[in-house]
Amino acid sequence: GSTQRPTTYYTETSGVGIALHLHKPNLARHIGIVGLGAGTLATYGHPGDRFRFYEINDNVIAMAKEYFSFLRETPASVELLLGDARLTLEREQPQAFDILVLDAFSGDAIPVHLLTREAMEIYRKHLKEKGILAIHISNLYFDLSSIISGLAQSANMECTIVCDEGVDSSNALKSTWAILSQDRETIDIALGTGTSARYHGKPVLWTDDSSNLFEALK
């Protein structure tokens, strides 16, 4: 990987960090990421990896390129696609992602259309058979675990929640990631041992016709 270290919600002890370390680390991987941010996840790239970022805001792309060096320094190849991720993914040929990361839910405005049963069908279409869906659900206002659990159930996928206290460095933040796959063994291998917990709450399923943010308020 790059010499830079991932920070904030994306450290090596976060759910996504663990999965990106352990899921097929010696193969050339195809990784999709919805939400660019600073491009921090590119630090997990190895030579031969392809990172495909979907970002709705062109200002975010400009800032990631100008003020951060994650995208420049990664040895992986990087593609940036501007536009609504769901629409782009809907139109694309299946991408066969080893890992698809959804990172659009940490603010106070949740893009609900990315968290419905219909959106989930699109993500499934783009995952390899034993691919992983990693969803960033750290949020001050909403607890999305019940929603993610509902999506996993609707798609017949296993779901594990990984909470990281963010104590491994001064740049780390407490994070919560949901790791989903059709195959429990894939999740266990991708997370190693002792890091995860299944979600035991009541699943809530959002669809394009029916969703209610009040159900997810903390």
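Strands E4 and E5 pair in the parallel sense over five bridges, where two strands count as paired if DSSP finds at least two bridges between them. Helices (H or I, at least four residues) and strands (E, at least two) are DSSP runs, numbered from the N terminus. The model is predicted, so local features need pLDDT of at least 70 and side-chain atom pairs count only at pLDDT 80 or more, while totals for chains, interfaces and linings use all residues. Residues are numbered from 1 along each chain as its sequence is written, and side-chain values use heavy atoms, with hydrogens and water left out.

**Strand pairing around E5**

The bridge partner of isoleucine 135 in E7 is alanine 178. Seven of the ten residues of E5 are buried, so the strand is largely enclosed by the rest of the structure. Buried means under 20% relative accessible area, exposed over 50%, and partly exposed in between (1.4 Å probe, protein chains only).

H1 is mostly covered, with six of its eight residues buried: Gly15, Val16, Gly17, Ile18, Ala19 and Leu20. These buried residues pack against E1, E4, strand E5 (127-136), E6, strand E7 (175-181) and H7. Just after H1, lysine 24 takes a positive phi of about 50 degrees.

H6 (residues 145-154) contains serine 146. The helix is mostly covered as well, eight of its ten residues being buried. The buried residues are Ser145, Ser146, Ile147, Ile148, Ser149, Gly150, Leu151 and Ala152, and their cover includes H5, E5, E6 and E7. Serine 146 has a relative accessibility of 9% and therefore counts as buried. Leaving aside residues up to four places away in sequence, serine 146 touches Tyr199, Lys202, Pro203 and Val204, contact meaning heavy atoms within 4.5 Å. Just after H6, asparagine 156 takes a positive phi of about 60 degrees.

**Salt bridges**

The structure holds eleven salt bridges, each defined as a side-chain nitrogen of Lys or Arg within 4 Å of a carboxyl oxygen of Asp or Glu. Among them are the following pairs.

| Lysine 24 | Aspartate 98 | 3.2 Å |

The side chains of aspartate 98 and lysine 24 meet in a salt bridge. This pair links distant parts of the chain, 74 residues apart: aspartate 98 lies in strand E4 (residues 97-102), and lysine 24 in the loop between helix H1 (15-22) and strand E1 (30-34). Aspartate 98 counts as buried because its relative accessibility is 2%, whereas lysine 24 is partly exposed, with a relative accessible area of 29%.

Arginine 52 belongs to strand E2 (residues 50-55) and glutamate 92 to the loop between helix H4 (85-91) and E4, so the pair ties together parts that are 40 residues apart in sequence. Both arginine 52 and glutamate 92 are buried.

Arginine 184 counts as buried because its relative accessibility is 16%; glutamate 158, with a relative accessible area of 28%, is partly exposed. Salt bridges that share partners also join Lys24, Asp98 and Lys128 into one network.

**Nonpolar surface**

Leu140, Tyr141, Phe214 and Leu217 make a nonpolar surface patch of about 500 Å². Patches are made of residues with over 30% relative accessible area and no salt bridge, like charges being joined within 9 Å and nonpolar side chains (Val, Leu, Ile, Met, Phe, Trp, Tyr) within 5 Å. Accessible areas come from the Shrake-Rupley method with a 1.4 Å probe, and for residues only the protein chains shown count as cover. Phenylalanine 214 lies in the segment after strand E8 (197-198) and counts as exposed because its relative accessibility is 65%.
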